[in-house]
Amino acid sequence: MFKSIRSLELRITLLATTCAAMVLCAVALMTYLGINQILISQQDRALVDRIERLETLLQDSRNIEQIIARPKLYQNMLGNQDNLFLLIHGDQILININPLGIPLPKFTLQPQIQFRDLSVHAYPTRIAWKTIQINRQPYLLIAGKQWSERKDIISPFQKHLFIYVVTGILAIFILCAITSRLGLNSLRTLREQTHAISIHKLEQRLNLIHPPGEIEQLASDINAMLDRIEIGYSQLNRFSEDIAHEFRTPLNNLIGQTEILLMSERSPVQYQEVMISNLEDYQRLKRMIDSMLFLARADTQKVCLNKQKIQLQLFIENIFSIFEYQAEEQHCNFVLELETTELVADPELLQQALYNLISNALIHGGNHRTIYVHSHRKTINNMSMIALSVITSGLEISPEHLSHIFERFYQCNSSRHNTHQTGGLGLSIVASIMTLHEGTYHAVNRAEGISFEVIFPEAYIEKL
């Protein structure tokens with residue numbers, strides 16, 4: 001039933017009312033049964049008193065002879081027609097006062113008083129019987145009384161109790177509805193404030209006055225989510241500007257050179273020079289597009305890992321050879337220090353990660369730098385890990401940038417005049433590669449320089 005009700009306020013009201021109604025009905029039922037049992041006990045005590053009086057009266061043989069001879073005398077003493085009295089000796093009924101003709105069952109001889117309800121007759125009656133000894137002879141003494149008095153009391157009480165329960169449930173429903181509405185005021189305020197937040201008001205936050213603990217936690221979680229959305233939206237805006245500039249620069253070069261080329265006749269050598277220049281711009285565009293596509297595939301877990309055991313010495317030296325001429329131009333040199341010589345990872349992705357880190361060190365480190373690449377084991381949360389560090393000597397990054405440097409599209413230097421700029425995607429690609437390998441990454445300033453560290457779980461070797 002509650003699944004089809006979409007209003008939280010109505011759900012709470014109905015649930016609280018249902019629980020309270022069940023308790024109220026249980027209390028009413030126990031009250032009814034308790035009073036009914038009290039009336040039965042009172043009636044049983046009256047029957048016990050009657051049997052005891054009759055037993056005392058019948059112990060005198062003269063009394064029993066008079067009662068047997070004149071039963072109407074005792075019937076007049078009993079009074080109302082709803083009373084019943086029988087005295088049986090063997091198969092002979094000595095006294096039979098049963099004005100309503102109540103059919104009686106067979107009785108067993110019992111020295112203690114027994115009780116029984118006779119409800120099949122038109123006049124329901126409760127009876128008590130006992131075996132008594134008169135002149136050392138067993139006599140069965142039976143006394144009874146109709147339920148009429150008990151019904152006269154219990155029936156009106158039952159009707160009134162039903163009215164009280166229905167009225168109580170209605171009152172509980174109204175009170176629960178009022179309480180639910182007042183209790184959910186904070187939730188309505190939360191909804192109104194949330195509804196007021198738009199893409200143009202991402203800086204707005206939820207501010208509730210003395211909300212319940214659950215609503216306060218929900219508002220805190222929503223505010224934290226808005227913080228992340230605002231940061232992501234700001235990064236996306238910055239990326240849109242950066243990537244637009246990165247695309248515009250090579251496109252402007254291509255358009256400008258092509259326009260100049262078409263203005264007059266050129267020699268084959270000049271055409272070839274322009275084509276070579278254009279090819280560089282095409283390659284730059286292709287690298288940016290490939291980076292964006294890789295990040296999109298990594299986010300959707302569409303990159304399949306081909307993990308292999310890699311010999312780090314030869315692997316990293318091959319990457320150094322790629323940057324050999326650039327390093328010579330910048331008067332930089334590479335130093336390789338390996339404590340761990342093997343690593344299990346996807347070779348292509350590992351090469352891309354190290355390529356980005358070393359390229360980043362050469363681009364932002366400038367001239368006359370030493371770039372160290374270290375490998376070593378370390379333990380994190382009781383897990384054995386293998387760390388690769390790329391350290392650029394004499395270079396530091398401001399602390400306010402370190403916690404954001406791996407974020408997508410983030411750039412420490414917002415200037416657009418750097419010809420090597422890649423829109424801030426290089427380190428974010430490293431972060432995605434490490435996420436695919438279930439590893440970690442971070443940047444830290446050390447005494448020898450800025451260190452970019454990527455950490456792989458050593459357990460990959462055991463799984464291979």
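This is a short tour of one predicted model, stop by stop.

**Before you start**

Residues are numbered from 1 along each chain as its sequence is written. Because the model is predicted, local features need pLDDT of at least 70, side-chain atom pairs count only at pLDDT 80 or more, and totals for chains, interfaces and linings use all residues; side-chain values use heavy atoms, with hydrogens and water left out.

**Stop 1: the whole chain**

Show the protein chain as a cartoon. It holds 13 helices and twelve strands. Helices (H or I, at least four residues) and strands (E, at least two) are DSSP runs, numbered from the N terminus. Of the 464 residues in the protein chain, 38% are buried. Buried means under 20% relative accessible area, exposed means over 50%, and partly exposed lies in between (1.4 Å probe, protein chains only).

Now think about contacts, meaning heavy atoms within 4.5 Å. Take those in the protein chain between residues at least 6 apart in sequence: 63% join residues at least 24 apart.

**Stop 2**

Two packed helices are described by the angle between their axes and the distance between the axes. Axes are lines fitted to C-alpha atoms, for helices over the stretch in contact, and angles run from 0 to 180 degrees between N-to-C directions.

Select residues 8-58 for helix 1 and residues 148-183 for helix 4. Their axes come within 9 Å and cross at roughly 160 degrees. Helix 1 and helix 4 are therefore roughly antiparallel. Angles over 145 degrees count that way; under 35 is roughly parallel, 65 to 115 roughly perpendicular, and the rest oblique.

Which hand does the crossing of helix 1 and helix 4 have, left or right? It is right-handed. A crossing is right-handed if the near helix is turned clockwise from the far one by less than a right angle, and left-handed if anticlockwise.

Colour this contact by residue class. The contact of helix 1 with helix 4 has 22 nonpolar, eight polar and three charged residues. Ala, Val, Leu, Ile, Met, Phe, Trp, Tyr, Cys and Pro count as nonpolar; Asp, Glu, Lys and Arg are charged; the others, Gly among them, are polar.

**Stop 3: helix 7 and helix 12**

Next, select residues 268-299, helix 7, and residues 426-436, helix 12. Here the axes come within 10 Å and cross at roughly 30 degrees. The two helices are therefore roughly parallel. Their crossing is left-handed.

Show side chains at the contact. Helix 7 brings S291, F294, L295 and A298, while helix 12 brings S428, I429, S432, I433 and L436. Six of these contact residues are nonpolar, three are polar and none is charged.

**Stop 4: two residues of helix 7**

Stay on helix 7 and pick N278. Is N278 buried or exposed? N278 counts as buried because its relative accessibility is 6%. Leaving aside its neighbours within four places in sequence, N278 touches L254, Q257 and T258.

Move to D290, also in helix 7. D290 is partly exposed, at 36% relative accessibility. The D290 side chain makes a polar contact with the side chain of K286, at 2.8 Å. A polar contact is a pair of N or O atoms within 3.5 Å; within protein, one must be able to donate a hydrogen and the other to accept it, and residues adjacent in sequence count only if both atoms are side-chain atoms.

**Stop 5: two loops**

Select N382, in the loop between strand 9 (370-380) and strand 10 (383-393). Its phi is near 65 degrees, a positive value in a residue other than glycine. N382 is exposed, with 78% relative accessible area.

Finish at E438, in the loop between helix 12 and strand 11 (440-445). E438 has a positive phi of about 60 degrees, although it is not a glycine. At 59% relative accessibility, E438 counts as exposed.
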